[in-house]
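Here is a short report on one protein model.

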Amino acid sequence: MPIKQKAIHKMTASAFLVSAGLVLGYLEGLLPVLSFLPGGKLGVANVATLLAFSWLGAGGALLVGLLRCFLGALFGGGVTAFMYSGMGTLLSVAAMALCAKVFPVRVGLVGRSILGAFFFNVGQVFVSILVLQNVYVFLYLPPLSFVSAFTGLLTGILAKRTLTAFANL
């Protein structure tokens with residue numbers, strides 16, 4: 001594929017994934033699934049970031065994730081929402097990229113998804129500590145970690161099935 005076509009393909013895929021992530025995030029917001037945990041969500045919108053990681057690499061995943069967070073905050077979350085989700089996305093993609101580099105064969109998409117979900121929560125807790133100026137917010141990380149293992153597993157399975165479906169088109 002010529003370089004110009006490749007660039008257009010990447011841009012189109014990125015735009016599609018940002019849009020899909022925004023729609024998934026909006027639809028997920030309508031579900032009171034994890035209402036027992038303040039700020040708890042399934043993270044289904046992160047399927048877009050996982051797909052971007054698989055199709056476009058870590059840089060593409062970071063771009064898609066941060067654009068999705070920025071636009072989501074612009075449409076209804078505000079600056080604070082972007083701080084939380086942006087830091088979560090940054091740490092999540094960095095952890096998944098490091099994992100893919102260190103364990104390229106042993107840890108697959110589902111494993112990276114679980115790792116990414118954990119580090120997303122680490123990023124959010126870090127921002128909470130800065131915003132609230134209270135280090136005890138760190139105590140919220142263990143229950144979040146437990147939930148993120150479950151949600152990361154579900155998101156990873158969803159992303160893996162989506163990749164399979166697209167491969168069969």
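## Surface patch

Four residues, Phe16, Trp55, Phe166 and Leu169, make up a nonpolar surface patch with about 460 Å² of accessible area together. Such patches take residues with over 30% relative accessible area and no salt bridge; nonpolar side chains (Val, Leu, Ile, Met, Phe, Trp, Tyr) are joined within 5 Å, like charges within 9 Å. A salt bridge puts a side-chain nitrogen of Lys or Arg within 4 Å of a carboxyl oxygen of Asp or Glu. Areas follow the Shrake-Rupley method with a 1.4 Å probe, and for residues only the protein chains shown count as cover.

Phe16 belongs to helix α1, residues 3-29. Helices are DSSP runs (H or I, at least four residues), numbered from the N terminus. Phe16 is partly exposed because its relative accessibility is 42%; the class lies between buried (under 20%) and exposed (over 50%).

## Basis of the model

The model is predicted: local features need pLDDT of at least 70, side-chain atom pairs pLDDT 80 or more, while totals for chains, interfaces and linings use all residues. Numbering runs from 1 along each chain as its sequence is written, and side-chain values use heavy atoms, without hydrogens or water.

## Cysteines

The whole structure has zero disulfides (cysteine sulfur pairs within 2.5 Å). Cys69 is buried at 5% relative accessible area. Cys99 is buried at 9%.

## Glu28

Glu28 also sits in helix α1. Its relative accessible area is 7%, so Glu28 counts as buried. Glu28 touches Lys41, Leu42, Gly43, Val44 and Ala45, leaving aside residues up to four places away in sequence; contact means heavy atoms within 4.5 Å. A polar atom of the Glu28 side chain lies 3.3 Å from the backbone nitrogen of Val44.

Note on methods: Helices (H or I, at least four residues) and strands (E, at least two) are DSSP runs, numbered from the N terminus. Buried means under 20% relative accessible area, exposed over 50%, partly exposed in between (1.4 Å probe, protein chains only). A polar contact is a pair of N or O atoms within 3.5 Å; within protein, one must be able to donate a hydrogen and the other to accept it, and residues adjacent in sequence count only if both atoms are side-chain atoms.
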